[in-house]
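Okay, thanks for coming, everyone. I'll just walk you through a few spots I picked out, so let's get the picture up.

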Amino acid sequence: PLPVEKSNPALVIPLIKQIVSSSDPTVRIVAVGALRERPTNEHVEILFRLLNDTDPPLRNSARKALHVLAAHDDFDATIRRLGIQTLETKQWRELEQAAILLGMIDHKPAAKPLIQILEFDRPEPSIAAAWALKKLEDTSLLPDVLELAYKRAVLLIDKSRSFSFRTGVDLQVSQLFQLFGKLKYSPAEIGRAHV
């Protein structure tokens, strides 16, 4: 198959359902470029489904395509709505990608649901949620985020947890404390002694 940038949307779109259901990620990724080049609300929905694809480069390409389309008035509201809906799922891959997307497009209503994802049992979505919260800078939620950040930071000293778990928590907590530093949130400095 052709790379995403060189695929011909006119040839790909009529076969889009077969292409996105292919077992080969190099075939599926061709769909992303075509969907981005010939956008409709239905194509935006397909791109959102691809956020849960098993292939990491494909998931990233789908998110980047949605980010490009969010700049267009015709699709911005749909992308924001579907992004929030995706935060309600339990699929870690799409949670991770939706969190990054909503942070990139500065969708402030995503901040509150992102807090719930901070305690997700896999590190990928919880780190992405922390990064997105840092991007969104919702000052009204800082007390809640701080409480959770300290709760998570305590897990770093729990040697019964796996190294990979503690590494994920460390990356997540570092994003949250970057947020506090960026906004000069003084209670984060005062409360540091509690960890």
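Let's start at Phe180. Leaving out residues up to four places away in sequence, Phe180 touches Leu142, Val145, Leu146, Ala149, Tyr185 and Ala188. Keep in mind that this is a predicted model.

Now zoom out to the core. The largest nonpolar core has 58 residues, and Phe180 is among the ones touching the most other members, along with Leu47, Ile79 and Leu114. Helix H7 gives this core its largest share, 7 residues. In general, nonpolar side chains in soluble globular proteins tend to be buried together.

So how does H7 pack against H5? The angle between H5, residues 56-69, and H7, residues 92-104, is about 30°, and their axes are 10 Å apart. That angle is under 35 degrees, so we call H5 roughly parallel to H7. The crossing of the two is right-handed. On the H5 side you've got Arg59, Asn60, Arg63, Leu66 and His67, and they meet Trp92, Arg93, Gln97, Ile100, Leu101 and Met104 in H7. By type, that contact splits into 5 nonpolar, 3 polar and 3 charged residues.

Last thing, backbone angles. Most residues other than glycine have a negative phi. Glu137 has a positive one, near 50°, and sits in the loop between H9 and H10. Lys184 has a positive phi too, about 50°, in the loop between H11 and H12.

Are those two buried, partly exposed or exposed? Glu137 is at 31% relative accessibility, so it counts as partly exposed. Lys184 is at 73%, so that one counts as exposed.

Note on methods. Residues numbered from 1 in each chain as written. Predicted model: local features only at pLDDT ≥ 70, side-chain atom pairs only at ≥ 80, totals over all residues. Heavy atoms only, no water. Axes fitted to C-alpha atoms, helices over the stretch in contact; angles between N-to-C directions. Helix = DSSP H or I, 4+ residues; strand = E, 2+ residues; numbered from the N terminus. Parallel < 35°, antiparallel > 145°, perpendicular 65-115°, else oblique. Left-handed = near helix turned anticlockwise from the far one by under 90°. Contact = heavy atoms within 4.5 Å. Nonpolar A, V, L, I, M, F, W, Y, C, P; charged D, E, K, R; others polar. Core = buried A, V, L, I, M, F, W, Y, C linked by side-chain atoms within 4.5 Å. Buried < 20%, exposed > 50% of the residue type's maximum accessible area, 1.4 Å probe, protein only.
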